Every structure is written in C-alpha cells, then in structure tokens.
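Colleague: Could we go through this model together? I would like to begin with one side chain and then move on to other parts.

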Amino acid sequence: NQANGTWTTLPSGQYDVAGFWIKDIPQVHEWFNNMLKTKLFPLLVQQFPYFVESVDDLVVDNAYLFKYIPETGLRTGVHTDSGCLSFTIALNSPEDYTGGGTWFEHLANNVNNNGDVVVEDSSKIEMGQGHVTIRPGGVRHCGQAVTKGTRYIIGGFCMHRKKVEYVRMLIGYGSECASLGNYQQASEALEAAICLNPNFDGAYTHLAGALEKLGNKSKAKQVLEHCFHHVNRINGEVAYSLGILYLKDQEYEQAKTCLEACIQVDELDYQAMTALAQVCASQKDKQGESQWYERVVQTPGVAKEDAASAYCNLGVLNAGEYEKEVHYYEKALELCPQNFQSRFSLASAHASAQEWEKGAESFRLAVELAMDDEKEDNTQTQTQTTTQALHALYRVAVNIVQKKQASTQAEQLKILKSVMGETNYQLLASSSRKA
C-alpha cells in the first residue's frame, strides 16, 4: 500500500484500475530501477539482440503497478502497446486470485498453408510470483478477467534511446488527429505508416475509421479487406471492424464470415458474439440470435452493461413465455438495476400476463428511472420515455381499478391514484392537458 493508505486509479480496459505510477513512490522506484539494470534489461538484450545491443540503450517510458479485483479486473480489450518492448511482472502468487493471465492473439491461432486459421490451446500465459513476460509492443494481447481475490502486477514499456519508431509515431499521431476530429490529417499520417511498413497491421483499422468519418466508406472497406485477406487473417480487430461494415451494408454472409473469424481468434470475444446475434436478427434467425446472446452471458469477463443488454434481448426473444421472459429481465436488472429498458420490459411482461400489481410496481420504478435520466441530462421538459412509462402505468392501474370493481367514481379515482402514486397521476394529468 502507499504511504497515505490510498490508491490512485488509471483507466485500463473497461474500468479505472487501482494502482500507482512507480516513479511516484521513491522506495519502490529505487528498487525498480535496480531490478531493471540487473535483471530486466539484460534479459531484453539477450532475447531481442536484433533490436538492442546494450542495456545502456534501453529506457522505461512508463511503468505502473496495477491492483486488479473482480469489480475492476474485467477482461481488457485486445490491444497493442505504445512501447517498442513491453513487460508484465507478477507481484503475487496465483493462489491469491482466480483468473487473470495474459492472452496473446498469435499464440492462440496460426494460419496454415491453405489460409485456414488453426486454433491452439496455449493462448494464455499464467505467471507465478516474480515471473515476467516480455514481448514486442506490436504483439496483440489482452488481460483476462480476475474473478476472485486480488492480483498485483507491474506493467511497463521500454524504448530505445537511439532508435525512432516512425511507423508507431505516425500511428500515434494519426490516432491523436482522429480524436480531435482532424480526419484528413489522420488518414494521411496512417497511410504514410502503411507505406513505410505495409506488413504491420496496426494502422489499418485506424485508417479505415478515419476514412469512414470522411464519408469514404467504400475505401474504408477496401483497406480492411486488404488487411484481412493479405496482411493478417487473425487480427480480430480488423475482422470485427470489417464485419460491422458488412453488417451495416446488409451483406450478412460476409459479416458472418468476419465475425466468426473473430471467435476463432478469441473465443471470449463477446462483442463479436453480440454482432453475430444482430446478424441473425437481420436474417430473421431467432434461434441463432438467442444462441449468440446466451453465449454472451456465459462468457467470463463480460462487462455488466453488455451482459445486461444480452439478457434483455433474450427476454424480448422469449416474449409470450412469461416465466422465461421475466427471468431474463430480472437477470438484466441484477446486473444493472438502473437500466430503464430492462425495467420497462419487465413491467410490460407482467402486464401482458395480467399480473397487474407486479406490472404496476415495475412501471412505477420505470417512471422513477426515466425521471432520474431527465435530471442527469438537465432536461427541463418531460421526455418521451417518461411519458411512455406514465401511460403504461395508467393502463395497468385502470385494469386494477376494474378488477377491484369500485362502485363510485371517487373510489375509482382513489384506487387509481393509489396504484399510480399521486405524483405520477398529477404528471400524467398535466401532460394530457398540455397535449
């Protein structure tokens, strides 16, 4: 722990991860620098002699100590690093946690002489306490989810004092330009990177993204197709981006080919699974859509929001089968209790089954969520979402009134207000008068 007993955070993958920069803790920094000179740098010189000949030529660009727990230690996106060489040091024993480890794209798959992807079983490297993995920065990888306990690692990037990585600098500059909305400059920088090294796949998706922003979707598709077929068949990011373009253009079979290639590369790629479910939906393949969403929710390391969305879609796919439908919506709400769509869908399922009291309770909660969203968005007027929930609540309340067989209008109004809630009733009445 740090001297003051607190941890800073750094964006990493889907969540901010606790940790600290090594340079900010003097005692750790001194130990770390000594370990670099005596252990890590000599190892890098030994393993990468074509890149570096002397430990004096190496410098650590940055290093961070990460603390991963189940809440924040979800699976990261597949990515490359910003340094020439990268390292990961395991600080505690695998007995202290469940999950974790680093997945490497090229350890998982190879392409044979026929151009087919061959899946291997050695895709994830697990490390004991004190072990280190080293790799070129351009190797695509991701961190696997920590599902129990706490894992501590140091991750860092090394640079060569005397060498300039022009391709990586152009990719970085192009990405920065794109983030600022300068897509023309971005595309020029990324095209230059590809011209310098057309066999490095790191620039292709960035270039395609910039071209798409410029309105040149056909060229963006050509760039991705070239990379997919001629540069790196097992680059999941390229396959996914190309698959999404095919999906947008309603070229479903091509989209399916690319997205299934993503799953071949990485069996835990839940974003590709979600896109494949969308392909099935577009082809009216309800069974296939359901199977892909089921696979999403069973995949380790899926972000809560994505799993909740998949559960909600499964509820929609099971409309009319009351118990199944409710089960899926409730699973979605367990993960994301503040999600309006899941809450509204659950209420609608209750109403469709004439479970009026349960429907009323859920619609009231849906109204609250819709109004909370209005406050967060600083919306001054009632949104369509709130109005939709209020009208649905009113219809359920009317059915409850009819069920109770109140004999006078006063009794009916009393029940109606009781079911809806006085505030909700007044809101609906006010919106009706304005309409």
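Colleague: With which side chain does the side chain of serine 218 make a polar contact?

Modeller: The partner is the side chain of asparagine 216, at 3.3 Å. A polar contact is a pair of N or O atoms within 3.5 Å; within protein, one must be able to donate a hydrogen and the other to accept it, and residues adjacent in sequence count only if both atoms are side-chain atoms. The model is predicted, and local features need pLDDT of at least 70, side-chain atom pairs pLDDT 80 or more, while totals for chains, interfaces and linings use all residues. Residues are numbered from 1 along each chain as its sequence is written, and side-chain values use heavy atoms, without hydrogens or water.

Colleague: Where is serine 218 found, and how exposed is serine 218?

Modeller: Serine 218 belongs to helix 6, residues 217-231. Helices (H or I, at least four residues) and strands (E, at least two) are DSSP runs, numbered from the N terminus. With a relative accessible area of 48%, serine 218 is partly exposed. Buried means under 20% relative accessible area, exposed over 50%, and partly exposed in between (1.4 Å probe, protein chains only).

Colleague: What is found at the start of helix 13, and what follows helix 13?

Modeller: At the start, a side-chain oxygen of asparagine 339 comes to within 3.2 Å of the backbone nitrogen of glutamine 341. Helix 13 is followed by glutamine 354, whose phi is positive, near 60°. Glutamine 354 lies in the loop between helix 13 and helix 14 and is exposed, with a relative accessible area of 55%. Lysine 284 also has a positive phi, near 60°, and is a residue other than glycine. Lysine 284 sits in the loop between helix 9 (270-282) and helix 10 (286-298), and counts as exposed at 75% relative accessibility.

Colleague: Turning to rings, how many aromatic pairs does the count come to?

Modeller: The count comes to nine aromatic pairs. Rings of Phe, Tyr and Trp (its six-membered ring) pair if their centres lie within 6.5 Å; planes under 30 degrees apart count as stacked, over 60 as edge-to-face and the rest as tilted. Tryptophan 31 and phenylalanine 32 form a tilted pair, 6.4 Å centre to centre with 45° between the planes. Tryptophan 31 is partly exposed at 40%, whereas phenylalanine 32 is buried at 3%.

Colleague: Why is the pair of phenylalanine 344 and phenylalanine 363 called edge-to-face?

Modeller: The planes of phenylalanine 344 and phenylalanine 363 are at 65°, with the ring centres 5.3 Å apart, so the pair is edge-to-face. The pair links distant parts of the chain, with phenylalanine 344 in helix 13 and phenylalanine 363 in helix 14, 19 residues apart. Phenylalanine 344 is buried at 11% relative accessibility, and phenylalanine 363 is buried at 3%. Elsewhere, Trp21, Tyr64, Phe66 and Tyr68 form one aromatic cluster.

Colleague: What is the strand order in the open sheet of three strands?

Modeller: The order is 9-6-11, with antiparallel pairing. Strand 9 (124-125) and strand 11 (141-143) stand at the edges with a single partner strand each, so one side of each has no neighbour in the sheet. Two strands pair if DSSP finds at least two bridges between them. Strand 6 (residues 102-104) pairs with strand 9 over two bridges, and threonine 102 stands opposite isoleucine 125 in strand 9.

Colleague: Finally, how many disulfides does the structure hold?

Modeller: The structure holds zero disulfides, a disulfide being a pair of cysteine sulfur atoms within 2.5 Å. The closest cysteine sulfur to that of cysteine 84 is in cysteine 158, 8.9 Å away, too far for a bond. For cysteine 142, the nearest cysteine sulfur is that of cysteine 262, 13 Å away. Cysteine 84 is buried at 8% relative accessibility, and cysteine 142 is buried at 1%.
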